[in-house]
Amino acid sequence: MELYALLGIAIALAMDAFAVALSAGVILPVLTGRHLFRLSFHFGLFQGLMPIIGWLIGARIYDLIADYDHWVAFGLLMFIGIRMVHEAFDRDDEAPRRDPTRGMTLVTLSVATSIDALVVGLTLGVLKVDVWYPALVIGVVAAIFTMVGMILGRRVGALWGQRMEVFGGVLLCCLGLKILIEHLVN
């Protein structure tokens, strides 16, 4: 696989992670190196592992996964997005915000943003393309985009506060809808 094609795929896959990272940066009251590391590491790890898992699974069960992968991503992103909007309006300003870089929220977001990478891995397996180098590039690009997204999200969130928190939740819901519509139309 040529490098420019691989980078194009990696950037396309990283856009979901970037959008979620923007939202995460918005809702964190303070953005620390620990937050940046946790989200970037996990998004990069999941984005890098999913093509490998897809490649290992191979074409045998591609048809089983292709029928519902978009529903899983849609459901996870809608759940997190609606919860973010609800918390933006329903929380006391003194109450701590939920940290999207911890616990099940982190795992849920990591899975939701990397399901497309699983399908890319399945495709690489069908095409008999070695997966190890593409998986590394995909993971690194996703980690970088996640870090940049969080930093931008934090800066925008500091300027516009609750409005950006609502925007972040709506953005996640729109991302889930986009994934669903793309798969239903094709």
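The following dialogue reads several features of a predicted model.

Colleague: How many helices and how many strands does the secondary structure of the protein chain come to?

Modeller: The model is predicted, and its protein chain comes to six helices and zero strands. Read along the sequence, the pattern is α-α-α-α-α-α.

Colleague: What share of the residues in the protein chain is buried, and what share of the contacts joins residues at least 24 apart?

Modeller: Of the 186 residues, 47% are buried. For contacts between residues at least 6 apart in sequence, 92% join residues at least 24 apart.

Colleague: Let us turn to helix packing. At what angle do the axes of helix α1 and helix α2 cross?

Modeller: Helix α1 spans residues 3-27 and helix α2 spans residues 33-57; their axes cross at roughly 160° and come within 11 Å. An angle over 145 degrees counts as roughly antiparallel, and α1 is therefore roughly antiparallel to α2. The crossing in which α1 passes α2 is right-handed.

Colleague: Which residues make the contact, and how do they divide into nonpolar, polar and charged?

Modeller: On the α1 side the contact is made by L13, A17, V20, A21 and A24, and on the α2 side by L39, F43 and Q47. The residues of this contact comprise seven nonpolar, one polar and no charged.

Colleague: F43 is among the α2 residues in that contact. Is F43 buried or exposed, and which residues does F43 touch?

Modeller: Burial is read from the relative accessible area, with under 20% counting as buried. F43, in helix α2, has a relative accessible area of 0% and is therefore buried. Leaving aside residues up to four places away in sequence, F43 touches A17, V20, L109, S110, T113, A142 and T146.

Colleague: Now to the charged pairs. What is the general idea, and how many salt bridges does a search of the whole structure find?

Modeller: Side chains of opposite charge can pair when their charged atoms come close. A search of the whole structure finds two salt bridges.

Colleague: Which residue forms a salt bridge with R38, and where do the two residues lie?

Modeller: The partner of R38 is D99, and their closest N and O atoms are 3.2 Å apart. R38 lies in helix α2, whereas D99 lies in the loop between α4 (69-90) and α5 (103-126), so the pair ties together parts that are 61 residues apart in sequence. Both R38 and D99 are buried.

Colleague: Which residues form the other salt bridge, and how far apart are the closest N and O atoms?

Modeller: E182 and K178 form this salt bridge, with the closest N and O atoms 3.2 Å apart. Both residues lie in helix α6 (residues 132-185), four residues apart, which is about one turn of the helix.

Colleague: Why is E182 classed as partly exposed, and why K178?

Modeller: The partly exposed class lies between the buried limit of 20% and the exposed limit of 50%. E182 belongs there because its relative accessible area is 36%, and K178 because its relative accessible area is 40%.

How values were computed:
Residues numbered from 1 in each chain as written. Predicted model: local features only at pLDDT ≥ 70, side-chain atom pairs only at ≥ 80, totals over all residues. Heavy atoms only, no water. Axes fitted to C-alpha atoms, helices over the stretch in contact; angles between N-to-C directions. Parallel < 35°, antiparallel > 145°, perpendicular 65-115°, else oblique. Left-handed = near helix turned anticlockwise from the far one by under 90°. Contact = heavy atoms within 4.5 Å. Nonpolar A, V, L, I, M, F, W, Y, C, P; charged D, E, K, R; others polar. Salt bridge = Lys/Arg side-chain N within 4 Å of Asp/Glu carboxyl O. Buried < 20%, exposed > 50% of the residue type's maximum accessible area, 1.4 Å probe, protein only.
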